[in-house]
Amino acid sequence: MPESLGPKVYSWLDERLGLSPILELALKKRVPDHKHSFWYYWGGITLFFFIVMCFTGVLLLLYYRPGDGAYESVQQINTQIKFGWLIRSIHSWSANLMVAAAFVHMFSTFFMKAYRAPREFLWWSGFGLLSLAMVFGFSGYLLPMDDLAYFATKVGLSIPAVMPVVGPWIADLVRGGPDITAYTISRFFALHVVILPALFIPLLLLHLGLVQQHGMSIPESEQQKPEAERKSIPFFPNFVFKDLAVWLVALNVLALLAVAFPWPLGPAADPLAPAPADIHPEWYFMSSFQILKAFGGWFPGVVGEFLGIAFFNAGVVLWALVPLFDPNTKSGQWGRRVTWFGFVVLAVLIVTTIWGYAVLPAVAH
Amino acid sequence: MSENQNTSGSTEQGASSERRTFLKVAACGVGAAWAGMVGYPIYRYIASPVEEAASADVVTEVEVEKGAELPKNAALMFKFGTKPAMLIHHDDDTWSAFLAVCTHLGCTPAYQPEEKRIFCPCHSGVYDAHSGANVAGPPPKPLPQFKVAVADGKVVVSRA
Amino acid sequence: MNYPAWDVPYLGSGWMIGIVAIIHILISHFAVGGGIFLPLTEAKALREGRKDWMLRLKGYSKFFLVLTGVFGAMTGVGIWFAIGLASPNGTSALIHNFVFGWAIEWVFFLVELTLAMVYYYTWDRIPAKLHLTIGWIYAAVSWGTLVIINGILTFKLTPGPEWMASVGTGRESEYFFDAFFNAGYLPSLGLRTLACLSLAGIWSLYFFSRLDGESDGKTKASMVQWSSMFLIPSFLLMPVFFAWYVFTIPADHRALLELGISSASAGTFTHVTRMTILSVVSSATIALAVMFFAWFQPTELKRGHALSILFLALLATGSTESVREFLRKPFVVNGYMYSNGVRVNQIEGFNRDGYLTGSVWSPVSPDAAFHHKSVGERMFQGQCMACHTLDGYRPIRKLLAGRDTTSIGSVLKMLHDNAPESPYRKFMPPLVGTEEEIRALRDWLAVQVAPASH
């Protein structure tokens, strides 16, 4: 109870900030408890990794220098600054785990049909957050400017560049010229630490606010039960404590990865060197990368590129619009078909990702 | 509406006020230990340049023992403060001294009299024996160079 | 080479010990800690007349018997197989020195297993007081196995000074007690006993998480909170014993703790620092996770929660044992035997007469053409393979990638010279052998690294 912690301080703050209503809400709020409750924690896990990234990101800013000396500054963080390698390793691993957790969160809410009315905007804001997270990942990947970062960014930017007419123009603007240079680093840096956070954080607050407003959605199997049989636990302290414990487990997974596999820093990027044969984008872009490559192989020339982009974008648009064509439980048979659509999307993502890695040329040590 | 038993209820039942106090102290202790654990690496990270500057200030000049006896085209390892350093007597009777910490991954490089170069065996990095410039291999920067003063049979190495 | 080399591709023989040992430690520490948990809990239940507890305890002791008696015992024997194959010289040295200790350990172990069965099968069949006494005897004997093995484990990092002075005299085993009760003995015994209690609490949480929180709410809440309390001693005393233990570590080995702070490479140089971080983080987290998952809401503890606490325990014990092993680098027995089985007092002879010359297991073929090649491979098997694999863990092909014969030669020369300022000295044994043997190793490695160019 906060009163016992310092009643005077609390009442002083309460009078000025109006804490009581918030506290009452938190104490009254309940979280449904059923056999699928496990999936409720994944949004929180994603949030935890985001918080870790904010903290470690700010710490990296203390020593990182965008522009010509970017590589040297990361090298300094890695080899001279105390625990610099640890901060950087946590930042990079946290980024990957955040995207992974966001995918789990997205698919679990999809299959639990949490996007249905009145939660459409939760789905759309979540969709926006994941898209921004991927741009975060892409822009952050270039910043150390080692050879992998350089060539992966080069390959990554070739995806928008294949768009007819506007593609090359967009790619040039993003790069700040026809090649990846110090200009590109500065642009990506501004994107990574100013523009993206400025878009991400308000959207995140909207997302979290909507969760509070609508509460957790319950899966159909629970909705069919009479109200009296549905179980729930108090949000505070029960759910909060469990959430905290889950965060601690997540932190340990992060610590394990960060110390057992410290994020590597390759040799400085050399634009004149030949690209490594097995160059490929990060795993969360692998599926789109492979789909474009596959269509390019099936239909040579511009047609293939166009079809690849069309196929991929059609999938993304359908995915985003799912609350509109599966709006509520009355969907019935149609709702089950949408679930199958989810399985197909999941299968395509997994298969094309594995396929993408499988066809990478083996590189001799 | 059936609910799971509320925890605060179940702890209250058997808990004396003593136990509650202990629990509070323990919780605060765990929290403090935790904050310290997370804070320590962050503090070291932020304070890194301060520590670096402090350790750099300690030693500015070192007299190399038996330095003057060093024959031509040979090198001698000595300690500059806490770090290994290298004194080289060149064929033309000039002298060089470097911090012997490879700028790549911190191994200790060695002078090779046959090739007249400084070589780091860890990843085959090569430095110029006169200037310390990184001429081949993975080292990203030259070796930091010291000033060498030879007088009265004494070799004194100081921060450049 | 006096024993055959155990080639475990990709993983390396060290990891075989590691995998078996981590499972064993997680269970064997429970065998000791659970031995204290059982009679303590039984006594409390008797004193307070808690029928519900007695009922659960009986089931608990069956779980305990199966887990420790089957999996604990099996993995214990597994460690013997693994260390005998991976590090025959080290195992032999330990047996020669501690044969008496191991005999006692074996007796304790036999009594322990027997008592665990007696304890389970005599529930409700003998007077309650006698049953409780059996539990306490089990606890004492089981802790006794820790008392013995702890002496041998700590000996490897801090062998006693008198024992070290006796090395080479052939009378080493006369200094049994100096070697056994070495500097690290007490702090390590304290740390392990605390770990035993914590693991007893964590495994108990796992067992009692299966109780139904609704129909059995009261029993579950009391047993879960009681189990959680077994982590309190660790939380209070672990830092003290840890500091004491660190204090007993020889200074040059302690320096390894700091080595990785400002340098990031995935390699061995920073291993101790990296694993220490994991050990501290996971140990500190367990206390909080138990608080949030179990103590505050005992009836809602589910199996998944308990399993994730067990996962944290696995991380904590795994990383801590790995730190303990790595602090000893480059030795198996500090100052006496290197990790590849080469004894310190053998180096001179090996360099003069050859590493393979007196080799009992693998005499080198006299055929001159074959000779050079097989010498190189045998050198690798004997001196490198204890820690390196070709392509997997600490992969030689990757570590030497991009080097030609001359460059490999200069690395080997540096390892052979083992100069005081060499950074490799902190982790790697000196390379021993005649010039010809080292050349053979160099040529063999060069072919492994770049087969096409030869």
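The model is predicted, and local features are reported for it only at a pLDDT of at least 70 and side-chain atom pairs only at pLDDT 80 or more, while totals for chains, interfaces and linings use all residues. Residues are numbered from 1 along each chain as its sequence is written, and chains are lettered from A and ligands numbered from 1 in the order in which they are written.

**Contacts between chains**

Chain A and chain C meet through 27 residues of chain A and 26 residues of chain C, where two residues are in contact if their C-beta atoms, placed from the backbone, lie within 7 Å. On the side of chain A that touches chain C, the elements giving two or more residues are helix H5 (70-79), helix H6 (84-111) and helix H12 (235-260) of chain A; helices are DSSP runs of H or I with at least four residues, strands are runs of E with at least two, and both are numbered from the N terminus. H12(A) supplies the largest share of this side, 13 residues. By class, the side of chain A that touches chain C holds 19 nonpolar, six polar and two charged residues, with Ala, Val, Leu, Ile, Met, Phe, Trp, Tyr, Cys and Pro counted as nonpolar, Asp, Glu, Lys and Arg as charged, and the others, Gly among them, as polar.

The contact between chain C and chain B takes 27 residues from chain C and 18 residues from chain B. Here the elements of chain C that give two or more residues to the side touching chain B are helix H8 (217-228), helix H12 (271-295) and helix H17 (405-417), and the largest share, six residues, comes from H12(C). This side of chain C comprises 14 nonpolar, nine polar and four charged residues.

**The sheet of chain B**

Chain B is divided into domain 1 (7-58) and domain 2 (61-159), with bounds that come from an automatic or database domain assignment. Taken over C-alpha atoms, the centres of domain 1 and domain 2 of chain B are separated by 46 Å.

Six strands of chain B form an open sheet with antiparallel pairing, in the order S1-S10-S9-S4-S3-S2; two strands pair if DSSP finds at least two bridges between them. Strand S1 (61-64) and strand S2 (74-80) of chain B stand at the edges with a single partner strand each, so one side of each is left without a neighbour in the sheet. From one strand to the next the twist averages 25°, with axes that are lines fitted to C-alpha atoms, for helices over the stretch in contact, and angles that run from 0 to 180 degrees between N-to-C directions.

| Strands | Bridges | Residue pair |
|---|---|---|
| S2(B), S3(B) (83-89) | seven bridges | B:Phe80, B:Lys83 |
| S3(B), S4(B) (95-99) | five bridges | B:Met86, B:Phe98 |
| S4(B), S9(B) (145-151) | two bridges | B:Phe98, B:Gln145 |
| S9(B), S10(B) (154-159) | six bridges | B:Val148, B:Val157 |

B:Phe98 of S4(B) is the bridge partner of B:Met86 and also stands opposite B:Gln145 in S9(B), whereas B:Ala97 stands opposite B:Phe146 in S9(B).

Two hairpins include a residue with positive phi. S3(B) and S4(B) form a hairpin with five residues between them, and B:Asp93 in the turn has a positive phi of about 70°. The hairpin of S9(B) and S10(B) has two residues between the strands, and there B:Asp152 takes a positive phi near 50°.
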